[in-house]
Structure formats: structure tokens, C-alpha cells
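Open the model in your viewer and keep the selection tool at hand.

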Amino acid sequence: MATLQAIKYNDGQLEILDQLLLPESCTFIPIWNVEDAWAAIREMKVRGAPAIAIVGCLSLAVELRKLAAPETKEELCRLVQEKLDYLVTSRPTAVNMHLAAEACVKLCTRLTDNTSVNVAEAKDDIVKHLEAMLANDIADNRAIGEHGASDIMKKNATKDKLRMMTHCNTGSLATAGFGTALGVIRSLHTASKLDQVYCTETRPYNQGSRLTAFELVYEKIPATLVCDSMAAAAMKQFKIDAVIVGADRVAANGDTANKIGTYQLAVLAKSHDILFYVAAPFSSIDFQIPNGHSIPIEERPHSEMTHTGSIRTAAAGINCWNPGFDVTPAELITGGIITEKGVFKPDQLAPHQ
């Protein structure tokens, strides 16, 4: 069965699967401009670090396709940078949008300096660059899946089938269409090496139970849902072989920011002598940030904890702390960091940038 497709783009038309409506409804909504994309990202109608960057950049491509070329390349590049700077503010923890913006601005600078390129050609080159992100992400994800599955099988060579645990959502709904950590699990399943995957519900926004479970059922991958508070018991009871999660940002030393609850899984995995992996495209590694202390952590609305939809489920007046992410120290990433370039120990990242 084909994987879910959460981002549809064709000839300047962009639609995204509204993930706030899953699993009750598979509804695609149009993105007409950068402002639509900013709102969809901020409201988490689209989420996952790779998907955020892709939708942000494609929304700019949609705008540029409809825009008459400005009079000068300098004016074009100012417009592009303003739009990208705005998109970066939508979700501050994920680095992919920031890096995609930097890459596009560098392209603008090269095009401006190239006297043989006119403004219309420059606009077309920028649009092609933005549109290429979709196909590139799928290729990178498939490479992540193969590298990760190979490493996990090699380190568990005596076992016929493997039991995995994952957190949050890192599949087709978080990327262009294959997944990072869930892509590795898909590759294990394709190789007939997966016995069972245990996915956490992932508080406070339930992206594990709403999204990951939805993908696993859709693709008929053997899976069991567990509450976040059951993780330690599940590791012991089901003899988990490896834990694999995604990443919204990886610092230069390998410290990793991911959905809240990841850090505790890494601590528990260490205690149970279970390999702990992070799977992410190389674009999630921010070599400008030395360690996890410098990663900005997003605070989510308290209503995500106190309400289920419009129904209050927590006592009125209670104080709330609702960070969207936590940071896992590099030394707890015992399996390695899986990228499209291969699997690395956290201290091996820098030479490959």
C-alpha cells in the first residue's frame, strides 16, 4: 500500500492534509500564499520539521508564480527574504525552515551578482529551487530508512525480528511522504524484520495516537499504542530492541530537541540497556548552535493540556507548563544519529557538514 500523502503540489497549486482533523477526517485545504502557510504551520495543521520547511517554501513558490517579475533583481530578493523571515517565525524550534530560508537567500545573492541573468530568469530559478524540496525530501527520507534499518539489523544480528518503540509522529505526515524515524520502521517492515512497533500517545498533543497510529494502521504495519507513562513498563515487558525518534533540531555536539517526552525515553532506554536512535535529515543539524542549552524551546498554549477540544478536562485555575519540546543529551543517543548520509555517533557529525 502506498504511504499517506500529506502535501500535494502541482503546477503552482498547493494543498495540505489538515492534521488537526485526523484521524476523524482526511481533509485537504488549499494554501494560497505565505500567510496561509504561516497560519497552518503555527496552528499545527502541518507539522514535523521537514514538512514545515517544505510547505513554507512551496507557499512562497505559489506566490512567486503568480507575481509579475519586479523591476530589479534586488527588489525580488528583498521580497523573497521578507517572506522567508516571516515564515521562520511560525515555529522557532525546528531548524529546517531557517536553513531552507538561508539556502534560498544565498541563491538570491548569487543570481543578483550574475549579470547574465535577468530578473524574470532569476524568479524562475528561485521557484525551481523551492519546488525541488519536495522530491529531494522523499529521496533523503528513503536513504534515512535504508541506513537506519541496516544499522539496527546489524547491531541485532542474532534476532530474527525486532521490537521497536517510537515517539511523536515522524512519518509521511511529518515529511514529504516517507518519514524519518517511521521511515526506518517502514524499511524494517519491508525487509520482514519488524515484529512490532510500540508508539507512544505523545502528550500533550497526542501526535502519536492521532497521527502515527493512523499511519501504522493505514499501512498495516504491526503496531501497539501505549500511553507515555507506560514506556518503562513496555520496555521491560516487551523486550524492546531499540527506540527511534525524530528531531526538530540537533546541536553541533549531538544534543537533540524533539517532541516533549523524548528525553525521558532516552533515560529509560539507557536504564534498560536499549539502543536509542535519532533519525533526521542532515538539514536538522544546526552547526551554529554548540549544544542543547542554546536551542529555543517553544511553549504551547495551556489549553492543549486543560481541554480536549472545547471540553475542559483539568481543574480551572491550575497552573500549566507546556513546552512543546525537550532536549536529549548526546550521550544518551547510544544507537546513533541516522541521516541520509549515514549513521553517526553524535561526536562524528561535524566532519560531514
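Select helix H6, residues 181-190. In this predicted model, 8 of its 10 residues are buried, so H6 is largely enclosed by the rest of the structure. Buried means under 20% relative accessible area, with a 1.4 Å probe and protein chains only. Show the buried ones: Ala181, Leu182, Gly183, Val184, Ile185, Arg186, Ser187 and Leu188.

Helices (H or I, at least four residues) and strands (E, at least two) are DSSP runs, numbered from the N terminus. Residues are numbered from 1 along each chain as its sequence is written. Local features need pLDDT of at least 70, side-chain atom pairs count only at pLDDT 80 or more, and totals for chains, interfaces and linings use all residues, while side-chain values use heavy atoms, without hydrogens and water.

Now colour the sheet. Its 7 strands run in the order S6-S5-S4-S7-S10-S15-S16, open and with mixed pairing. Two strands pair if DSSP finds at least two bridges between them. S6 (223-226) and S16 (342-344) are the edges; each has a single partner strand, so one side of each lacks a neighbour in the sheet.

Zoom in on S5, residues 194-200, which runs parallel to S6 and is joined to it by 4 bridges. Cys199 stands opposite Leu225 in S6.

Next, select helix H7 (207-218), which packs on the sheet and touches S4 (162-166), S5 and S6. Contact means heavy atoms within 4.5 Å. The direction of H7 makes about 160° with that of S5. Axes are lines fitted to C-alpha atoms, for helices over the stretch in contact, and angles run from 0 to 180 degrees between N-to-C directions.

Finish on helix H8 (231-238), across S4, S5 and S7 (242-245). H8 runs at about 175° to S4.

Terms used:
Buried < 20%, exposed > 50% of the residue type's maximum accessible area, 1.4 Å probe, protein only.
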